[in-house]
Amino acid sequence: MKKAIILFLFLVTAVHGQGENGRRSFHLDGKSILYLSTWRYSVGDDLNRKQPGFNDSAWATIHMDDPKRESRGIHWYRTRIHISGEQDHGKSLTLRIFGLPMAYDVFWDGQPIGQNGRVGKNKEEEVPGSIMQSYPLKQEMILPGEHVIAIRLSDQHGQSLFRRCWIALSYDSDWHSYISRILYRVFLWIGIYSTTMVLSLALYLGGRRHRPFLIFGAFCLVTVLYYSVMPLTMLCDVHISYFDFIFGSRYINFLLAQILINIFLVFNFDHPHKIYHIGIFIVLAIFFCTLNLPPYARTKWYSGIMIFYGFGLLLHAVKRKKPGSIIAFIGILFVTISIFLDFLRSILKIGIVTLPGEYLDIPFIFCITLSISRRIREQDRLHEAAKLRSHRLETELLKKTIQPHFMMNTLLSIISLIGEDPKKAVKLIKALADEFRMINRISSQKQIRLQEELRLCRIHLELMGYRMDAKYEFHVEGTCDDDTVPPMIFHTLVENGLTHAYEAKESGHFWFECARGRDHIQYRLRNDGSLLRPFSHQSKPQIEEGMGLKYVRARLEECYTSHWEMEYGFNQDQWEVTITIDT
Amino acid sequence: MGSDYHHRYIKDVMKILIVEDEPPVARYIERCCQNILGNKITSMDVHYSLKDASALIEKKSIDLCLLDLNLKGKNGYELLQSAVSGSFHTIIVSAHTDQAVEAFRYGVLDFVPKPFEEDDLRSALDRYFNRVQEHELMTKYLTTKKGHSYSVFPLDDVLYFKAADVYVEAHLKDGKVELLNKTMDRLEQILPSGFFRIHRSYIAAISCIQSYTHIEGGTCKITLKNGDVLPLSRRRYKELHRLMDL
């Protein structure tokens with residue numbers, strides 16, 4: 001990294017040095033593209049300014065990338081270049097002008113070589129031209145020695161928001177190979193990202209709607225859009241009035257890509273407070289948009305901050321040992337290097353072949369998709385575990401009621417009653433059958449109607465009444481008939497109440513109340529058993545939660561994941577369990 | 001007292017306590033006992049909770065307790081400890097058959113799984129009157145009551161038991177002495193085959209016997225591995241001799 005920074009600083013200074021000296025020498029034997037970046041500049045119109053001999057030493061010096069060219073009206077650019085070497089007669093030299101607003105005439109050594117649109121003194125007179133123009137130079141014009149290029153331009157229709165212009169001199173063959181290399185790269189990227197986008201979308205729709213796939217797909221889409229505008233300006237003759245639209249969309253897509261990749265990280269690694277993260281991204285984006293900086297500088301700064309943010313998210317995920325986080329980290333590292341190299345390329349204006357950054361997108365995409373699939377595998381595992389837990393709860397339910405001792409004890413009760421009260425024995429058998437029939441029906445359901453649950457409680461109380469020589473009454477207050485609840489939670493609580501609160505032969509009452517609040521439903525179950533009463537003075541009852549309460553908790557958690565609450569304690573000498581469920 | 005060893009002295013009449021939380025079942029057990037034992041029963045008490053049962057035991061001596069292990073969801077283990085530490089014999093009547101092995105380790109006389117019929121209870125009660133087959137005994141621990149708590153020690157730690165008034169002293173290998181609330185006869189009934197009644201007042205762990213000798217005057221003695229010398233009755237001498245020869 002340190003090396004990279006040093007290299008970067010070196011290159012930046014190198015570029016600046018170049019700018020100061022104005023590398024304005026074009027060697028005819030060489031193979032290169034000469035960017036004419038430093039120009040003399042002056043507002044006002046005087047056709048003498050096209051003459052090579054015109055003294056422009058008093059004019060301001062400007063740089064092509066410098067956005068501070070406040071001008072409404074006709075103004076001039078002038079620069080000198082030195083041509084050396086032998087002319088290659090088979091090749092033609094061309095001057096290319098890109099993005100210069102709005103209309104201009106170009107002069108080579110005082111001779112007009114072309115125009116773009118029509119320069120005008122006012123808006124009516126001016127006709128804006130195309131984004132890019134090329135002007136072939138005749139062989140007699142490019143004799144070795146010093147030449148002067150003068151441009152007379154007007155921007156009555158306003159300057160474009162995204163100033164991005166360059167003026168370059170090159171042989172056509174060099175230029176075309178340069179362009180085809182750029183296009184090759186761009187189409188490669190478009191191909192990679194659009195394939196990934198389609199694939200992500202398919203995986204999202206065909207799979208279990210795993211959101212990171214959708215987000216990554218969206219990221220790929222904006223990346224494709226980002227790359228698509230470039231060939232458009234290169235390949236077609238695009239009118240300059242579309243300049244803002246094209247580059248604006250490029251700019252926005254770049255910002256969106258930055259935001260989406262970070263949102264992806266937030267979702268894929270399931271960071272808490274997702275909405276806050278997204279809020280921060282958007283606020284930062286708005287903040288940078290309002291900064292008084294050239295748009296490209298803004299994107300660079302924003303991109304830098306977002307990359308840091310992304311690494312922060314990733315490090316946090318790695319720390320929490322999220323599956324796939326290390327792979328994603330490597331992937332983001334790849335794309336960061338790629339962006340960094342791209343950045344270098346843009347400020348250096350050097351040929352693409354010198355920096356191999358473009359291929360880093362492939363490992364980036366590989367790492368990210370791998371990371372998503374790792375996360376999905378993890379989620380599948382969790383899902384399986386949850387399914388297993390649910391099965392276990394079901395088995396537990398069956399075991400709990402059909403547990404041997406309940407059955408055996410009830411059977412012995414029947415044996416006991418046969419001798420002394422055969423009619424009661426029959427009633428007990430019938431209640432047992434009812435209870436089992438019902439349990440059998442509900443055991444595989446995750447939720448049952450509250451009515452059914454309450455009926456089950458009644459049957460159980462009837463059965464236990466026969467067994468304990470007592471009579472238990474069940475009172476229901478409030479109407480929540482249409483509610484559904486996890487099976488056998490109140491049954492379990494009633495069972496617990498009977499076990500712990502009532503002496504043999506002690507009859508009693510159970511009250512079930514249901515109250516509906518604005519955002520919750522509350523169920524209350526209380527009993528008047530005597531055995532717990534001695535503990536009623538304790539403010540916080542110290543009880544060891546047995547199998548029953550654990551079962552109830554597990555069921556509630558399965559159904560209402562942390563949107564529920566269970567409390568128990570004494571309410572005026574009566575043991576009361578309260579279950580509150582958020583709605 | 002010739003048949004003392006093979007047919008130990010057991011009272012013909014007995015006092016029974018039934019601890020069972022379901023009234024119909026308690027009445028059923030009562031009826032069964034009545035049918036099986038008839039007039040051998042001098043008293044029969046029924047209690048639905050252990051608290052009431054304990055209160056009764058404090059006041060009244062009993063011979064046999066028929067106990068349900070899971071009363072009102074109370075810990076069966078605790079109940080078991082309190083039951084087996086008593087001077088009486090315990091027969092567990094429970095649906096929790098998974099606790100049977102543990103119950104036997106703590107020296108209960110029998111375990112009757114619920115549901116049962118009269119004959120099941122009959123064979124359990126038979127154990128009270130007859131010495132059970134030795135290999136069936138699985139007692140591994142003994143329980144003593146100290147104040148309100150119970151302490152458990154493994155039977156393997158015992159060198160010998162010595163009768164002391166109505167109690168029995170258990171002399172352990174580490175020199176400690178634990179006091180058991182059982183009579184010598186009741187203790188012998190629940191001890192596995194590794195223990196041998198050497199004297200009216202002594203039971204020794206066979207593995208701890210170093211030597212046994214015949215002294216003049218018709219008395220015999222046993223020397224234990226730790227050097228302790230215990231008396232050995234003449235009749236037991238032959239029995240022991242036969243046992244050691246095997």
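This is a predicted model: local features need pLDDT of at least 70, side-chain atom pairs count only at pLDDT 80 or more; totals for chains, interfaces and linings use all residues.
Chain A comprises 13 helices and 18 strands. Of its 583 residues, 34% count as buried.

One sheet of chain A is open and consists of 4 strands in the order E2-E11-E6-E9, with antiparallel pairing. Its edges are formed by strand E2 (33–35) and strand E9 (132–137) of chain A, each of which pairs on one side only. With direction ignored, neighbouring strands of this sheet are turned by 20° against each other on average. Within the sheet, strand E6 (residues 93–98) and strand E11 (residues 166–171) of chain A run antiparallel and are joined by 6 bridges. Here Leu93(A) stands opposite Tyr171(A) in E11(A). Helix H2 (residues 172–206) of chain A lies across E2, E6 and E11 of chain A, and runs at about 115° to E11(A).

A second open sheet of chain A has 5 strands, ordered E13-E15-E16-E18-E17, and its pairing is mixed. Strand E13 (472–477) and strand E17 (564–571) of chain A are the edge strands, each pairing on one side only. From one strand to the next, the twist averages 15°. Strand E15 (residues 508–516) and strand E16 (residues 520–527) of chain A run antiparallel, and 7 bridges join them. Among the residues of this pair, Trp511(A) has Arg526(A) as its bridge partner in E16(A).

Two helices pack on this sheet. Helix H12 (residues 489–501) of chain A touches E15, E16 and strand E18 (574–582) of chain A, and its direction makes about 25° with that of E16(A). Helix H13 (residues 547–560) of chain A touches E17 and E18 of chain A, and the direction of H13(A) makes about 145° with that of E17(A).

Helix H13(A) can be examined in more detail. Its 14 residues should span 20 Å at 1.5 Å a residue, and the end C-alpha atoms of H13(A) are 20 Å apart, which agrees. Which residues of H13(A) are buried? They are Gly548(A), Val552(A), Arg555(A) and Leu556(A). These residues lie on the same side of H13(A), because they cover an arc of only 95° around the axis. An α-helix has 3.6 residues a turn, so residues three or four places apart point the same way. H13(A) is followed by Ser562(A), whose phi is positive, near 60°.

Elsewhere in chain A, Ile252(A) lies in helix H4 (residues 243–268). Is this residue, Ile252(A), buried or partly exposed? A residue counts as buried if 20 or more other C-beta atoms lie within 10 Å of its own. Ile252(A) has 16 other C-beta atoms within 10 Å and is therefore partly exposed. Between the C-alpha atoms of Ile252(A) and Leu225(A), which are 27 residues apart along the chain, the separation is 9.9 Å.

The model also contains chain B, of which 17 residues are in contact with 20 residues of chain A. On the side of chain B that touches chain A, the residues divide into 7 nonpolar, 4 polar and 6 charged.

How values were computed:
Residues are numbered from 1 along each chain as its sequence is written. Chains are lettered from A and ligands numbered from 1 in the order in which they are written. Two residues are in contact if their C-beta atoms, placed from the backbone, lie within 7 Å. Ala, Val, Leu, Ile, Met, Phe, Trp, Tyr, Cys and Pro count as nonpolar, Asp, Glu, Lys and Arg as charged, and the others, Gly among them, as polar. Two strands pair if DSSP finds at least two bridges between them. Axes are lines fitted to C-alpha atoms, for helices over the stretch in contact, and angles run from 0 to 180 degrees between N-to-C directions. The expected span of a helix is 1.5 Å times one less than its number of residues. A residue is buried if 20 or more other C-beta atoms lie within 10 Å of its own, exposed if 12 or fewer, and partly exposed in between; C-beta atoms are placed from the backbone. The arc is that of the directions from the helix axis to the C-beta atoms.
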